[in-house]
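Let's work through some ring geometry and sheet layout, one exercise at a time. Have your viewer ready and try each task before reading its solution.

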Amino acid sequence: MIIMAPRWKGKGAEAKALADPISEIVSQLRSSLIQSNSRGLLSGTSVLLKVDALQTDLLNRTCFGRPKVTAEENEQWFQLSMEEAFYLYHSLMCIKIVDHNDCEQNSHELWKYMTSKKENFPVLFKAFSHLRSKNWVVRSGSQYGVDFVAYRHHPALVHSEYAVLVLSSAQKGTCNGRLRVWSDFQCTLRLCGSVAKTLLVLNIIEDNSCAASPSCLESYGVEERTITRWSPEQCREGAAEQNSGLKRSAFKPIAPAAKAAVDQSCS
């Protein structure tokens, strides 16, 4: 199994990331949002957050949401996904969220609203918060056919390292019909390989408790699996590797098959 090293963008990117860890920037963002009593506005499947110049910088550096252009030059808004908004609200406890009537929503009301907009929100949020709590930068993975992509630091400094699929034990590992057959693995692994990412499968282990409130998150477990394609030409011993060139010239398989190698660790 080949473990991909972080692909930093440009000279000095790694040093810059080490000097400015995501955990510290998130801490600064949390303090700023708490001090300003920040409130987000529910808007369809997202939350709009009005911020000042400092918070705009911190949100950009931590990769929460995306700036939204408005007609008002002096107003700055960020559009947060439901997972991002609930993470700031529930996990970091640094924002409040209101509806269009300016009524503040409690955790149960927000949970009911978000699960009504996205049926699998509980497992997606559990996966999102699991990665964010480990200081991974998490963004949408829709362009790669996965749920999320995970970065070691800001995307301006490093390429995303993992393509993340979220499955649920309650649905017997077939959430949205994915990875039900071997060809699903092959297609997904080929796509990940073509964009130099490792496939990370997060299986959310649910118990029989009702998911009607955010309290269910406490009983959820997360099982991590990294999956890569096995190369038939890969040798285990150094001496064998030295002779691999001769072996390849003498024998070349007609159709080498891809196998999935499962690694228990996340990173």
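**Exercise 1. How many aromatic pairs does the ring-centre rule give, with centres within 6.5 Å?**

Solution. Keep in mind that this is a predicted model. Applying the rule gives 10 aromatic pairs. Let's take one of them, Trp111 with Phe121: the centres are 5.6 Å apart and the planes make 70 degrees. An angle over 60 counts as edge-to-face, and that is the label this pair gets.

Trp111 belongs to helix H5 (residues 107–117) and Phe121 to helix H6 (residues 121–133), so the pair ties together parts 10 residues apart in sequence. Now check burial, where the cut-off is under 20% relative accessible area. Trp111 comes out at 0%, so it's buried. Phe121 is buried too, with a relative accessible area of 0%.

**Exercise 2. Which residues do ring pairs link into a cluster with Trp111?**

Solution. Follow the ring pairs and you collect Phe86, Tyr89, Phe121 and Phe125 along with Trp111. For a contact of another kind, go to Phe64: the charged end of Arg132 sits over its ring, 3.9 Å from the centre.

**Exercise 3. What is the strand order of the open five-stranded sheet, and which strands are at its edges?**

Solution. Reading across the sheet, you get S3-S4-S2-S1-S5, with mixed pairing. Strand S3 (66–68) and strand S5 (96–98) are the edges, as each pairs on one side only. On average, neighbouring strands here are turned by 35 degrees against each other, ignoring direction.

Now zoom in on one pairing. Strand S2 (residues 46–51) and strand S4 (residues 76–81) run antiparallel, joined by six bridges. Within S4, Leu80 is the residue opposite Val47.

**Exercise 4. Which strands does helix H4 lie across?**

Solution. Locate H4 at residues 82–91. The helix lies across S2, S4 and S5. Against S4, the direction of H4 is at about 100 degrees.

Definitions and conventions. Residues numbered from 1 in each chain as written. Predicted model: local features only at pLDDT ≥ 70, side-chain atom pairs only at ≥ 80, totals over all residues. Heavy atoms only, no water. Phe/Tyr/Trp six-rings, centres within 6.5 Å; stacked < 30°, edge-to-face > 60°. Helix = DSSP H or I, 4+ residues; strand = E, 2+ residues; numbered from the N terminus. Buried < 20%, exposed > 50% of the residue type's maximum accessible area, 1.4 Å probe, protein only. Lys NZ or Arg CZ within 6 Å of the ring centre and 35° of its normal. Pairing = 2+ DSSP bridges. Axes fitted to C-alpha atoms, helices over the stretch in contact; angles between N-to-C directions. Contact = heavy atoms within 4.5 Å.
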